[in-house]
Amino acid sequence: MDILAQLQLLEDLTNSEKTLANYIINNAHNIPNMSSQEICEGAFVSVSTIYRLITKLELSGINDLKVKIAKSKGSNTTASRIDFNFPIVPTDHISDLSDNLKNLYEETLSSTRALFNKEVLLEVSKEMLKANRITLFTSSSNVYFAQNFQFQMQEIGVYVDVPSEDYMMRLAASNSSADDLAIVISFGGRGKTTREVVKILKANKTKIVLITSTQDNPLKEIADYHIFMTSFEDHYQKVSSFSSRLSLLYILDMLYSIYFTENYEQNVHNKLQSYRKMEPSLE
């Protein structure tokens, strides 16, 4: 996994270690040319902090850290120059707007890909294949992305349930079993209904896939699998969820694509057959 992605996913860090990890992520393009002293001064932490962080990353030393950061795709991107919360300003012209969003989208896709754990994605695909029923739980505007995934799967003959009301979400969770799979989208685990749903799913021994941010989320301890979205945006202080929306779409499209390729020829056949039945003129 990319070293910057590892830094985002590290758990059980002290406050000073978190501060240092964030400093390294935000200044990745400069870190390879800095001494350990300069890095710690820039982050306002002690030198011992960087060596504790290196140990938690299971690296051999400061040079190993700098080499891996230099090789990281994230250190050569424009991430540090993108304001993910306010990528557009009143003085922007059309060309500025298009460039700003293009840069934001490219960095979002690159960062999301760096967070992918191939083994987890394959395991989730296997769970989808053997599940008696797949249910996707989410809320707010993420429901539309869930419904798009539902549409994709239904085109190949696989029904995915997407309950959108609180009562229906709890009811779907209550009716779940160990033979089912639940995909839960929750950026930070703040929603009361989502927390209740996950507890019900766990009690029913339903396998849970959590699509979440790299930030702290109490649901991580309950879920069986974790898939991470980029976490550049503030939850409230922003123009729009440009980055997190694209990151989520990328993840759902990956799950669909992996699932599709498991039985590629059959899924192509299923999709074409559905359209031929709806539109006989296609014959």
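Is Arg-133 buried, exposed or partly exposed in this structure? Arg-133 is partly exposed, with a relative accessible area of 32%, where buried means under 20% relative accessible area, exposed means over 50%, and partly exposed covers what lies in between (1.4 Å probe, protein chains only). This is a predicted model, in which local features need pLDDT of at least 70 and side-chain atom pairs count only at pLDDT 80 or more, while totals for chains, interfaces and linings use all residues. Residues are numbered from 1 along each chain as its sequence is written, and side-chain values use heavy atoms, with hydrogens and water left out. Helices (H or I, at least four residues) and strands (E, at least two) are DSSP runs, numbered from the N terminus.

**Salt bridges**

- The count of salt bridges comes to 12, a salt bridge being a side-chain nitrogen of Lys or Arg within 4 Å of a carboxyl oxygen of Asp or Glu.
- Arg-133 forms one of these with Asp-180, and the closest N and O atoms of the pair are 3.1 Å apart. Because Arg-133 lies in the loop between H7 and strand E1 (134-137), and Asp-180 in the loop between helix H9 (166-174) and strand E3 (181-185), the pair ties together parts that are 47 residues apart in sequence. Asp-180 counts as buried, at 6% relative accessibility.
- Lys-271 and Glu-155 also meet in a salt bridge through their side chains, at 3.4 Å from N to O. Lys-271 belongs to helix H12 (residues 264-278) and Glu-155 to helix H8 (residues 142-155), so this pair ties together parts that are 116 residues apart in sequence. Lys-271 is partly exposed at 28% relative accessibility, whereas Glu-155 is buried, with a relative accessible area of 12%.
- Glu-127 is buried, with a relative accessible area of 8%, while Lys-130 is exposed, with a relative accessible area of 61%.

**Aromatic pairs**

- A search of the whole structure finds 4 aromatic pairs, where rings of Phe, Tyr and Trp (its six-membered ring) pair if their centres lie within 6.5 Å, and planes under 30 degrees apart count as stacked, over 60 as edge-to-face and the rest as tilted.
- The ring centres of Phe-116 and Tyr-250 are 5.1 Å apart and their planes are at 65 degrees, so the pair is edge-to-face. Phe-116 lies in the loop between helix H6 (94-115) and H7, and Tyr-250 lies in helix H11 (residues 242-262), so the pair ties together parts that are 134 residues apart in sequence.
- Phe-116 is buried, with a relative accessible area of 13%, but Tyr-250 is partly exposed, with a relative accessible area of 22%.
- Tyr-256, Phe-260 and Tyr-264 are linked into a cluster by ring pairs.

**Nonpolar cores**

- In soluble globular proteins, nonpolar side chains tend to be buried together.
- A nonpolar core is a set of buried Ala, Val, Leu, Ile, Met, Phe, Trp, Tyr and Cys residues joined through side-chain atoms within 4.5 Å. The largest nonpolar core has 33 residues, of which Met-128, Leu-136, Phe-149, Met-153, Ile-211 and Ile-227 touch the most other members.
- At least two residues of this core come from each of H7, E1, H8, E3, strand E4 (207-212), strand E5 (225-228) and H11, and H11 supplies the largest share, 8 residues.
- Leaving aside neighbours within four places in sequence, Met-128 is in contact (heavy atoms within 4.5 Å) with Ile-134, Phe-149, Met-153, Leu-181, Leu-255 and Tyr-259.
- A second, separate core has 24 residues, including Leu-7, Ile-39, Leu-53 and Leu-57.

**Positive phi values**

- Most residues other than glycine have a negative phi.
- Asp-12, a residue other than glycine, has a positive phi near 55 degrees; Asp-12 is placed in the loop between helix H1 (3-9) and helix H2 (15-26) and is exposed, with a relative accessible area of 71%.
- Glu-58 is not a glycine either, yet has a positive phi of about 60 degrees. Glu-58 is found in the loop between helix H4 (47-56) and helix H5 (62-71), and counts as exposed at 73% relative accessibility.
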